[in-house]
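Subject: Structure handover

Hi,

Here is the structure I promised to pass on to you. Have a look at it first, then read my notes below.

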Amino acid sequence: MSKKLWGGRFQAELDQLGADFGASINFDQLMAEEDLIGSLAHVKMLGHTGILTADEVHAITTGLEALQTDLAAGKLQFSTDNEDIHMNLEALLTEKIGPVAGKLHTARSRNDQVATDFHLYVKRRLPKVLEQIRHFQAVLVKLAEENVTTVMPGYTHLQHAQPISLAQSFLAYFNMLQRDYERFEFNQQHTDLLPLGSAALAGTTFPIDREFTADELGFQNLYTNSLDAVSDRDFALEFLSNSAILMMHLSRLSEELSLWVSQEFKFVELSDAYTTGSSIMPQKKNPDMVELIRGKTGRIYGHLMSLLTTMKGLPLAYNKDLQEDKEGVFDTVKTILPTLKIYTGMLQTMKINQEQMYASTKNDYSNATELADYLANQGVPFREAHAIVGQLVFKGLQEHRNLQDMELAELQAASPLITADVYHVLQPEVAVERRNSVGGTGFKAIKTQIKQAHAILANE
Ligand code: ARG
C-alpha cells in the first residue's frame, strides 16, 4: 500500500518528479486561512446535524483553531509530501489531535473543499478592490474640482482637436473606474455561491445541512447543482476579466501620463516618490511606475486568457486541470491592489503645469470648429462653414499664423458675416466654457458631472 492519503488502492509510490509536478502546495498555501475557516464551518455543521459527536467536533475544532494560531504566527511548515494545502492541513491536524482528524473529511471531497476555499479567497479580496477603486475615484474627483478652468488641448488621433478642461479628462477616468467598480460589485454575486456540500461531484448520502454551512461562512447562496458547483470557475474568470479591463483603463492613463511628462508636452511632473533616475544619464527622471503599470496589464490579460483556455476543454466535473486556476488569480490580486494604491498616490502628488497646458492650446488651430460654428450660427450651412474655415487654416499654415492672429478684414474676405466679436469666441477658454451640452467640457456641464460623481461616491 502506498503512503499517500489515497494509498489503499495503490501498490507503488508516485514517481517523484510526477509528485512534485502535481503538487500545488507552493502556491495554494496562500489559501491556508480560507481552508481553515472552511473546515471549521464544515465540522460545526457535522456536529449540528449529528453526523459527528460533540466530542469529535470539539477535538477537531480545537485542533483547527490551534492551526489558525500557528498559521498567524508563521509557525506552520508545509511540505510537498502532501500535495496541496488541504492535505497539508489535514496532516498537521492529525499530528495535533490524532486519528479523530480523519473524521473532518466526512461528507466532503477536496473538490468541493478547494472550490470553497477559492470562492472564499476571492470573496474576501473583492471588498478591498472595491475600496481601492473608490479611493482612486475620490482623488480623480478632487483633481477635477481643482481643474475645472484648466484649459488644455483635447486630442483625437493624438492631434490637437478642440480645447477641453483638464477636469473633463479626470472625469473620463472617473467614469471608467465607476464601470470597473460596478463590474467588481457584480462579481460578488457569482462569488457568493457556496460549493461545499457538493462533495466529489454528486452530493452525499450524509444528512448534511448546506444552508447551515453557508450561514457559518457568510455565503448568500448555495450552488444548486453539485456538478456545476465543483467545476465552475466563472467567478474567477469574471474577476480576471474585470481586472483586465481595469488594468486596460490604467494602462491608457499611463500612456497619457508618459506623454504628459515628456519634454515635448511638459504638462505634468510626477513626484520623486514615483519616478526613478538613470545610472548613466544624470538628468533623467523616468516615470517607471506609469510604465510598469502599463506593462503589467499584459500579464493580467495573460491570466485571463490562461484560465479561459484551461476551462474550454473541461468535461464535467472536477479535472486536475482546475489546479491551474489559482496562480493567475493570486498574481492578479497581488498586482491590482498595489497598482490602484500607487496610482492614487501618484495622482495626488503630481504637479500640473497649467500654463503649459493652456499655452499649447494657443498655438494651434483647435479653435477652427469655433469659427465654423460661429458661421453656422449666422445661417451658413455647416458644411460650407467648414470649407471656409478650412481655407483660412490653409492660409494660416502657409503664413505661420493662427486664426486669432488674422486681421478682421482678412477674415471678412473669407466671409462677410464675420464681425469683431469673433475674437472672443476664438479664445480657447471661451471655446471650453461654452460647451455645455450634457456631458460636455463646458464649465457648467463639468460642475454637473462633478455633482454626479459626488453622489456616486456618497451613495455606498
Ligand atoms: N489541489 C487541487 C486543486 O487545486 C485540489 C483538488 C484535488 N482533487 C482531486 N480530485 N485531485 O484543484
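Let's start with a pair of helices: the axes of α6 and helix α7 (residues 166-191) come within 9 Å and cross at roughly 165°. Axes here are lines fitted to C-alpha atoms, for helices over the stretch in contact, and angles run from 0 to 180 degrees between N-to-C directions. α6 and α7 are therefore roughly antiparallel to each other. For that wording, angles under 35 degrees count as roughly parallel, over 145 as roughly antiparallel, 65 to 115 as roughly perpendicular and the rest as oblique. The crossing of α6 past α7 is left-handed; that is the name if the near helix is turned anticlockwise from the far one by less than a right angle, and clockwise gives right-handed.

Before you go further, keep in mind that this is a predicted model: local features need pLDDT of at least 70, side-chain atom pairs count only at pLDDT 80 or more, and totals for chains, interfaces and linings use all residues. Residues are numbered from 1 along each chain as its sequence is written. Helices (H or I, at least four residues) and strands (E, at least two) are DSSP runs, numbered from the N terminus.

Where do α6 and α19 meet? On the α6 side you'll find R134, Q137, A138, V141, A144 and E145, and on the α19 side I450, A453, H454 and L457. Meeting means contact: the C-beta atoms of two residues, placed from the backbone, lie within 7 Å.

Q449 and N175 are 274 residues apart in sequence, yet 9.9 Å apart in space, C-alpha to C-alpha. N175 lies in helix α7 and counts as partly exposed, with 17 C-beta neighbours inside 10 Å. The cut-offs: a residue is buried if 20 or more other C-beta atoms lie within 10 Å of its own, exposed if 12 or fewer, and partly exposed in between, with C-beta atoms placed from the backbone.

Now compare T69 and D373. They are 304 residues apart along the chain, and their C-alpha atoms are separated by 71 Å. T69 is found in helix α4 (residues 54-72). Is T69 buried or exposed? T69 is exposed, because it has 10 other C-beta atoms within 10 Å.

Next, the inside. A nonpolar core is a set of buried Ala, Val, Leu, Ile, Met, Phe, Trp, Tyr and Cys residues joined through C-beta atoms within 7 Å. How many residues does the largest nonpolar core have? It has 91, and those with the most contacts inside it are I60, L93, L140, F170, F174 and A236. Helix α6 (residues 110-146) gives the most to this core, with 13 residues. Apart from it lies another core, of 14 residues, including A368, Y374, I418 and L426. Back to L93 for a moment: leaving aside its neighbours within four places in sequence, L93 is in contact with G63, L64, L67, A101 and L104.

One more helix pair is worth a look. Helix α14 (residues 368-377) and α15 pack at an angle of about 140°, with their axes 8 Å apart. α14 and α15 are therefore oblique to each other, and α14 passes α15 in a right-handed crossing. From α14, the residues A368, L371, A372, L375 and A376 meet F382, A385, H386, I388, V389 and V393 in α15.

There are strands to find as well. Strand β1 (residues 151-156) and strand β2 (residues 159-165) pair in the antiparallel sense over six bridges; strands pair if DSSP finds at least two bridges between them.

Most residues other than glycine have a negative phi, and most peptide bonds are trans. H157 is not a glycine, although its phi is positive. H157 counts as exposed, because it has 6 C-beta neighbours inside 10 Å. H400 also has a positive phi of about 55° without being a glycine. You'll find H400 in the loop between α15 (382-399) and α16 (408-414), and it counts as exposed, with 7 C-beta neighbours inside 10 Å. As for the peptide bonds, a cis one joins L316 and A317, with omega about -5°. A317 lies in the loop between α11 (288-312) and α12 (326-348).

Happy browsing!
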